[in-house]
Amino acid sequence: MIPTLLYGRCVRLNWKSVVFLMMSLILSHIRITQSSVNSNNPEVTPTKLEKISSDTDRSAVTINSSSKSSSDTSHCPNDTLCTDLPNSCLQCTYNPQCVYGAEINVTCVPKTNVLCHADRLKTAAQNEIRRTMVCRYCYQTERWEHGCEQKGGCNSIDSQYKTNCTVHPELLCMGHRTFMKKIPCNWTQGYRWSTTLILSITIGGFGADRFFLGHWQEGIGKLFSFGGLGVWTLIDVLLISLHYLGPADGSLYI
């Protein structure tokens with residue numbers, strides 16, 4: 001039992017009740033944090049311009065890349081078998097009527113200025129350059145399959161911004177290889193993850209980690225509850241180590 005002075009009266013609290021209240025407070029904070037993360041990183045959907053562009057692309061049977069990077073052949077090997085050329089050195093013919101997400105075979109030819117030769121021991125059909133790809137447009141590729149131009153000076157007010165993204169040269173996809181996309185604004189205010197973790201492990205029981213990150217209300221609650229009798233302290237160490245608990249202003253660790 002814990003004696004507590006409330007409005008001049010001594011109130012006794014059961015240990016089980018204290019632990020239950022602390023766990024309820026922590027779980028409530030986790031739900032609020034998760035909803036905040038989802039609101040700061042909403043699902044990105046294709047813009048109206050991208051949809052119009054994709055509809056225009058579907059009207060053509062053969063879709064060629066229009067970006068400068070796709071026409072660069074300086075990295076392509078010379079005097080090699082045409083079937084051994086990398087995808088970035090090929091120009092392929094796509095079928096816009098394919099089923100999205102399905103693996104399809106496409107026929108390709110070497111790009112202009114790429115020197116290669118066919119295998120004389122094979123037939124013309126065997127020397128035909130065929131590649132396997134996933135039926136999709138370039139703007140539908142995953143985040144790790146294209147690179148985007150980063151914007152400097154963005155902040156929490158500008159949570160997302162439009163920029164040019166270009167798919168990797170070796171990836172085969174339909175449509176324009178460079179496209180516009182909304183990406184999250186990754187910014188930082190100088191909070192170090194290592195410093196936060198050390199504070200949480202050493203004096204996190206007094207709410208130092210929460211005060212450091214700007215979570216003042218939780219820090220005060222953690223201070224007067226002695227780290228939630230140790231439970232809150234252990235949970236915060238785990239959340240910080242997993243990068244789940246970050247600065248209150250929404251910035252990233254450095």
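Colleague: How many salt bridges does the structure hold?
Modeller: This is a predicted model, in which local features need a pLDDT of at least 70 and side-chain atom pairs count only at pLDDT 80 or more, while totals for chains, interfaces and linings use all residues. Residues are numbered from 1 along each chain as its sequence is written, and side-chain values use heavy atoms, with hydrogens and water left out. Taking a salt bridge as a side-chain nitrogen of Lys or Arg within 4 Å of a carboxyl oxygen of Asp or Glu, the count of salt bridges comes to 5.

Colleague: How many residues apart in sequence are the parts that lysine 222 and aspartate 209 tie together?
Modeller: The side chains of these two residues meet in a salt bridge, at 3.0 Å from N to O. With helices (H or I, at least four residues) and strands (E, at least two) taken as DSSP runs numbered from the N terminus, lysine 222 lies in helix H6 (residues 216-224) and aspartate 209 in helix H5, so the distance in sequence between the parts they tie together is 13 residues.

Colleague: Which residues are linked in a network of salt bridges?
Modeller: Arginine 210 and aspartate 236 meet through their side chains at 2.8 Å, N to O, and arginine 210 lies in helix H5 while aspartate 236 belongs to helix H8 (residues 231-241), so this pair joins parts 26 residues apart in sequence. Lysine 222 also forms a salt bridge with aspartate 236, with the closest N and O atoms 2.7 Å apart. The residues linked in the network are Asp209, Arg210, Lys222 and Asp236.

Colleague: What relative accessible area does aspartate 236 have?
Modeller: Buried means under 20% relative accessible area, exposed over 50% and partly exposed in between, for a 1.4 Å probe and protein chains only. Lysine 222 and aspartate 209 are both buried, and arginine 210 counts as buried at 1%. Aspartate 236 is likewise buried, its relative accessible area being 0%.

Colleague: What is the torsion about the S-S bond of cysteine 76 and cysteine 89?
Modeller: The sulfur atoms of cysteine 76 and cysteine 89 lie 2.0 Å apart in a disulfide. Cysteine 76 is buried at 7%, and cysteine 89 at 0%. The disulfide is left-handed because its torsion is about -110°.

Colleague: Is the disulfide of cysteine 92 and cysteine 108 left-handed or right-handed?
Modeller: Cysteine 92 and cysteine 108 are joined with 1.9 Å from S to S, and both are buried. The torsion about their S-S bond is about 95°, so the disulfide is right-handed.

Colleague: What is the angle between the planes of tyrosine 191 and phenylalanine 212?
Modeller: Rings of Phe, Tyr and Trp (its six-membered ring) form an aromatic pair if their centres lie within 6.5 Å, and planes under 30 degrees apart count as stacked, over 60 as edge-to-face and the rest as tilted. Tyrosine 191 is buried at 19%, whereas phenylalanine 212 is partly exposed at 30%. Their pair is edge-to-face, with the centres 5.6 Å apart and an angle between the planes of 85°.

Conventions. Disulfide = S-S within 2.5 Å.
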